Amino acid sequence: MAAMPYLSEPVTIGDYMLKSKLGGSSVSIVWKAESKSSGELVGVKQVFLSKLNKHLANCLDCELSFLSSVNHPHIIRLLHVLQNIEEKGIFSKAVAIRSSASEDRAEKQTFTPGPGYRQFSGRNEFPSNILHGTLAYALWIGFMQFNVSVLFSLIFLPFSKILLVVGILAGFFVLPIDENSKFGLRLASYVCRHMASYFPTTLHVEDINDFHPDRACVFGYEPHSVLPIGVVPLAERTGFMPLPKLKCLTSSPVSP
């Protein structure tokens, strides 16, 4: 089915009337909808179960199980799950109804910051400019693009120049070797702070006193791009959080 951004006529799923398409993928579509009983705007995620392989089906079960068990102002709320639906030949299999933006705003408005609340703004904490931001971005992520230069050298450059390109790339993999290198730590601080200002990023901490340097913490966030750039505010060299040993876990496509 070729999904349309706007429906030619209203389509009703249970208590919800679909209005327009917000986004989607090859296995799902997210619709903007309205509750007929309350008038509340919600998001409807339509999932085509027939297109899911075993792994994706298990991921969907885990997602629904997790969302049905939590009630937190910063986590989207699962309202209903409707299965085996067939409406005018358009919708089938499973549709998940999620919380609305208006509900999220209401919950945020009722949040009262406690004494441990902190808000860190990258641009306020670390004034920067486009030159420093671009340089920091290139130092952190740009070297991955050397893969393109290696391919270019294999096609267009003589053998001696190929060895030079590969040698430079190999050097970036091992420098600095010492984790306590003063130069390496200064370089990491430069990258983290200018990256936090470049994007920019704002970190909200409900209670900073809950975090201790000798206690393990696990953070999870989504959505993000191919590279989890949002990890920068939590980095040790950024200095927002009292976390001396940060390890970032990523999926296999991101890992080298």
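**Figure 1. The accessible surface of the chain.** The accessible surface comes to about 17,000 Å², and 60% of it belongs to carbon and sulfur atoms. Accessible areas come from the Shrake-Rupley method with a 1.4 Å probe; for residues, only the protein chains shown count as cover. The model is predicted: local features need pLDDT of at least 70, side-chain atom pairs count only at pLDDT 80 or more, and totals for chains, interfaces and linings use all residues. Residues are numbered from 1 along each chain as its sequence is written, and side-chain values use heavy atoms, leaving out hydrogens and water. The chain has 256 residues, and 28% of them count as buried. Buried means under 20% relative accessible area, exposed over 50%, and partly exposed in between (1.4 Å probe, protein chains only).

**Figure 2. Helices and strands of the chain.** The chain holds seven helices and eight strands. Both are DSSP runs numbered from the N terminus: helices are H or I with at least four residues, strands are E with at least two. Take contacts between residues at least 6 apart in sequence: 55% join residues at least 24 apart. Contact means heavy atoms within 4.5 Å.

**Figure 3. The largest nonpolar core.** A nonpolar core is a set of buried Ala, Val, Leu, Ile, Met, Phe, Trp, Tyr and Cys residues joined through side-chain atoms within 4.5 Å. The largest one has 16 residues; Phe120, Met195, Leu203, Val205, Phe240 and Met241 touch the most other members. Helix 7 (182-198) and strand 8 (202-205) each supply at least two residues of this core. Helix 7 gives the largest share, three residues. A second, separate core has ten residues, including Ile13, Trp31, Ala33 and Val44.

Figure 4. Helix 7 has 17 residues, which at 1.5 Å a residue should span 24 Å. The expected span is 1.5 Å times one less than the number of residues. The end C-alpha atoms of helix 7 are 24 Å apart, which agrees. Its buried residues are Gly184, Ser189, Val191, Cys192, His194, Met195, Ala196 and Ser197. They pack against helix 3 (122-125) and helix 4 (130-140).

**Figure 5. Phenylalanine 120 and serine 121.** Leaving aside neighbours within four places in sequence, phenylalanine 120 is in contact with Glu125, Thr201, Thr202, Leu203, Val205, Ile208 and Phe240. Serine 121 lies in strand 7 (residues 118-121). Is serine 121 buried or exposed? Serine 121 is buried, because its relative accessible area is 15%. Not counting residues up to four places away in sequence, serine 121 touches Thr201, Thr202 and Phe240.

**Figure 6. Aromatic pairs.** The structure holds five aromatic pairs. Rings of Phe, Tyr and Trp (its six-membered ring) pair if their centres lie within 6.5 Å; planes under 30 degrees apart count as stacked, over 60 as edge-to-face and the rest as tilted. Phenylalanine 120 and phenylalanine 240 have ring centres 4.9 Å apart and planes at 15°, so the pair is stacked. This pair links distant parts of the chain: phenylalanine 120 in strand 7 and phenylalanine 240 in the segment after strand 8, 120 residues apart. Both phenylalanines are buried. Tyrosine 137 and tyrosine 198 form a tilted pair, 6.0 Å centre to centre with 35° between the planes. Tyrosine 137 is in helix 4 and tyrosine 198 in helix 7, 61 residues apart. Tyrosine 137 is partly exposed, at 32% relative accessible area. Tyrosine 198 also counts as partly exposed, at 29%. Ring pairs link Phe120, Phe126 and Phe240 into a cluster.
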